Amino acid sequence: MSKLNGSRPSRSRVTRTVRAGLGADTTHRAVMPPIHLSTNFFFDAPGVYGKYDYTRTANPTRDLAAETIAELEGGCGAVVTSSGMSAIAVATRLLSAGDLLLAPRDCYGGSYRLFSAEANRGTYRVKFVDPWDPESLELARELRPRMIWIETPSNPHLRITDLAVWARLARDIGAVCVADNTFLSPVNQRPLEFGADLVVHSTTKFLNGHSDVVGGTVVAADEDLLEEVAWWTNAMGVSGAPFDSYLTLRGMRTLHARSRVHEENALRVVDLLEGSDVVTRVNHPSLPDHPGHDIASRQQTGWGSLISFELRGGRAAVDAFVDGIEHFALAESLGGVESLVTHPWTMTHASMDEPARVAAGIGQGLLRLSVGIEACEDLEADLERALGRAEAVASVLV
Ligand SMILES: *Cc1c(COP(=O)(O)O)cnc(C)c1O
């Protein structure tokens with residue numbers, strides 16, 4: 001494994017995240033900022049009010065969560081939305097009829113569904129490409145998209161897209177460059193520093209980090225974009241609930257600390273999988289033979305804790321692997337404190353038809369892990385047992 005070139009989060013950024021909003025309550029002098037659930041705020045006179053009037057438009061608890069996320073990503077501001085998908089819907093409101101959206105073929109399934117459905121009804125046009133293929137850069141120059149969508153690492157193969165190259169191209173052709181940074185969180189990658197205009201997240205994942213809130217965010221690089229996404233968030237009514245914002249802010253205070261354990265555990269799990277005879281392939285950008293390794297080492301400040309791997313023995317081996325697994329919950333989602341195992345064929349990618357799954361390299365023997373922050377010895381012992389069960393099945397099949 002080679003070293004990462006990107007800078008680690010500054011100490012002051014860590015401290016500001018842990019201490020976000022401390023002392024904001026001047027009435028009772030509470031240390032931690034209170035939660036403001038009120039939907040409405042007093043007017044001084046008809047048409048005269050303070051910073052807040054109505055919670056869909058703005059709310060102090062949500063604002064604090066948004067400021068903290070913007071700070072983490074190095075943006076000028078952010079909106080907090082009701083889900084990752086509503087954040088993505090807000091970002092794509094910047095497109096008009098006839099505009100082209102260039103998006104990765106293996107983008108998040110919900111994004112693929114939304115982009116395709118909007119294109120079918122003429123809201124905008126969409127073209128799906130393989131962003132790691134140099135030919136798609138040429139194609140982008142020709143097609144002149146209005147928006148370029150980036151998701152790096154991708155799901156479930158953890159393919160890496162070069163943020164600087166695509167952001168520069170976007171600038172050259174006057175496109176808005178949007179990065180979905182859900183898989184790494186701003187601790188491990190900050191796309192705005194590479195020239196992206198907007199960053200979106202499903203805060204459901206690492207930012208909240210406790211698998212108990214569905215939420216999203218759009219972070220903007222400049223004031224004009226921020227104003228536009230804030231306008232759409234209010235107009236569409238997809239702003240995040242104060243209680244969800246409060247939980248997300250609470251989760252983010254431990255983001256840096258959690259990320260260290262996620263990373264440490266993930267690297268040990270990668271090692272373990274690499275040493276197993278029943279594993280035919282491990283996908284993780286930390287591996288020197290991963291095709292995106294060099295780009296990842298330039299643009300990421302951590303390798304991330306999502307891993308996918310292929311089992312010899314296909315579906316039967318997968319069933320044996322998950323049957324009796326103790327510390328990895330068989331569930332969708334990612335980025336929470338708890339470890340998860342996902343079978344893309346039957347779970348996250350089941351809505352793709354079979355030939356499309358095969359074409360995308362999603363076989364029946366592929367599994368994805370989201371490595372949590374449990375004691376690594378427990379995770380390792382559990383995986384050893386699961387791989388043993390898979391091995392027993394795979395060797396009978398041969
Ligand atoms: C989960 C996810 C989303 C969608 O977020 P929701 O909070 O589930 O709406 C979008 N992009 C990526 C990469 C995700 O993992």
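**Close-up views of a predicted model**

**The largest pocket and its lining.** Helix α4 gives the most to the lining of the largest pocket, with 4 residues. The model is predicted, so local features are taken at pLDDT of at least 70 and side-chain atom pairs at pLDDT 80 or more, while totals for chains, interfaces and linings use all residues. Residues are numbered from 1 along each chain as its sequence is written, and side-chain values use heavy atoms, without hydrogens or water. The pocket is lined by 27 residues, and C107, Y108, G109, H349 and M352 lie nearest its centre. Two elements give two or more residues to this lining: α4 (109-120) and α13 (354-359). A pocket is an open set of points on a 1 Å grid over the protein atoms alone, where a 1.4 Å probe fits and protein lies on both sides within 12 Å along at least five of seven lines; lining residues have an atom within 4 Å of a point. Helices (H or I, at least four residues) and strands (E, at least two) are DSSP runs, numbered from the N terminus.

**Space and residue classes in the largest pocket.** The space in the largest pocket is about 720 Å³, counted as that filled by probe spheres set on grid points joined across faces, edges and corners. Its lining has 12 nonpolar, 7 polar and 8 charged residues. Ala, Val, Leu, Ile, Met, Phe, Trp, Tyr, Cys and Pro count as nonpolar, Asp, Glu, Lys and Arg as charged, and the others, Gly among them, as polar.

**The shell around the ligand.** The ligand is surrounded by 15 residues, each with a heavy atom within 4 Å of the ligand. M85, D180, S202, T204 and K205 are the closest. Helix α3 (residues 84-92) gives the most to this shell, with 3 residues. By class, the shell holds 6 nonpolar, 6 polar and 3 charged residues.

A polar side-chain atom of D180 is 2.7 Å from a nitrogen atom of the ligand. K205 has a polar side-chain atom 2.8 Å from a ligand oxygen atom, and a backbone N or O atom of G84 lies 2.9 Å from an oxygen atom of the ligand. Taken alone, the ligand exposes 380 Å², and the protein buries 91% of that; the areas come from the Shrake-Rupley method with a 1.4 Å probe.

**An open sheet of 5 strands.** The strands run in the order β10-β11-β14-β13-β12, with mixed pairing. Strands β10 (279-283) and β12 (329-330) are at the edges with a single partner strand each, so one side of each has no neighbour in the sheet. β12 pairs with β13 (residues 340-342) in the parallel sense over 2 bridges; a pair needs at least two bridges found by DSSP. Within it, A329 stands opposite L340 in β13.

T152 and P153 are joined by a cis peptide bond with omega about 0°. P153 is in the loop between β6 (147-151) and α6 (163-173). The bond from N155 to P156 is also cis, with omega near 0°, and P156 is likewise in the loop between β6 and α6. S185 lies in helix α7 (residues 185-188), and its phi is near 70°, a positive value in a residue other than glycine.

Key:
Polar contact = N/O pair within 3.5 Å; in protein donor to acceptor, adjacent residues only side chain to side chain.
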